[in-house]
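Please look through the structure below, following the chain slowly before reading on.

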Amino acid sequence: MTARLNGAQPYALGLFRIVVGLLFACHGAVALFGVLGGVDGKGGTAATGAWPNWYAAVIELVGGTLVLLGLGTRIAAFISSGAMAYAYFKVHQPQGLWPIENSGEGAAMYCWAMFLLIFTGSGAFGLDRLLAKRTSTQEQRSAGQAPVAA
């Protein structure tokens, strides 16, 4: 049973990354474009350039999309995790100690989910792996060719 679960680990991690990235990107789209009800439930958006809401929304949309695609996953997850840590400690934590008290559950969960992806990488189904395979294949081809002597 353990061997079977260990063999499926990259696929489970890839699906985890896709779901977390999609949901995170949706948060950014809500604040930037007013989709899915917007920030006020009536299609409202974050004011352009407003600190920290607009910047957080940009990080959520771009970081979530990169994590979803598995492209630059570790860097995107690092920046996204830091943004959510900032959101928790600066926005939510002053309202109460525990996330359940201060409505910071989402920020805390995204912070830790992205933190996990920093160390695990993209798993299966990510563009990172596809690009790494192409690069290693090209390196193997060029290493097999002898240089031309003049």
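Gly-123 is found in the loop between H5 and H6, and Ser-122 has its place in that loop too, with helix H5 covering 105–120 and helix H6 covering 127–144; helices here are DSSP runs of H or I with at least four residues, and strands are runs of E with at least two, numbered from the N terminus. The model is predicted, and local features need pLDDT of at least 70, side-chain atom pairs count only at pLDDT 80 or more, while totals for chains, interfaces and linings use all residues. Residues are numbered from 1 along each chain as its sequence is written, and side-chain values use heavy atoms, with hydrogens and water left out.

Leaving aside residues up to four places away in sequence, Gly-123 touches Pro-10, Leu-13, Gly-14 and Arg-129, where contact means heavy atoms within 4.5 Å. With the same exclusion, Ser-122 touches Leu-13, Gly-14, Arg-17, Gly-70, Thr-73, Asp-128 and Arg-129. Gly-123 also lies 11 Å from Leu-68, C-alpha to C-alpha, although 55 residues separate the two in sequence.

Turning to the cysteines, a search of the whole structure finds 0 disulfides, a disulfide being a pair of cysteine sulfur atoms within 2.5 Å. Cys-26 is in no disulfide, and the nearest cysteine sulfur, that of Cys-111, is 20 Å away. Cys-26 is partly exposed, with a relative accessible area of 28%, whereas Cys-111 is buried, at 14%.

An unreviewed UniProt entry lists residues 12–36, 57–87 and 107–127 under "transmembrane region", and such annotations may be inferred rather than shown by experiment. In the model, residues 57–87 are 90% helix and 0% strand, and their end C-alpha atoms lie 11 Å apart. Residues 107–127 are 71% helix and 0% strand, with end C-alpha atoms 26 Å apart.

Finally, Leu-131 is in helix H6, and this residue is partly exposed, with a relative accessible area of 42%.

Conventions: Buried < 20%, exposed > 50% of the residue type's maximum accessible area, 1.4 Å probe, protein only.
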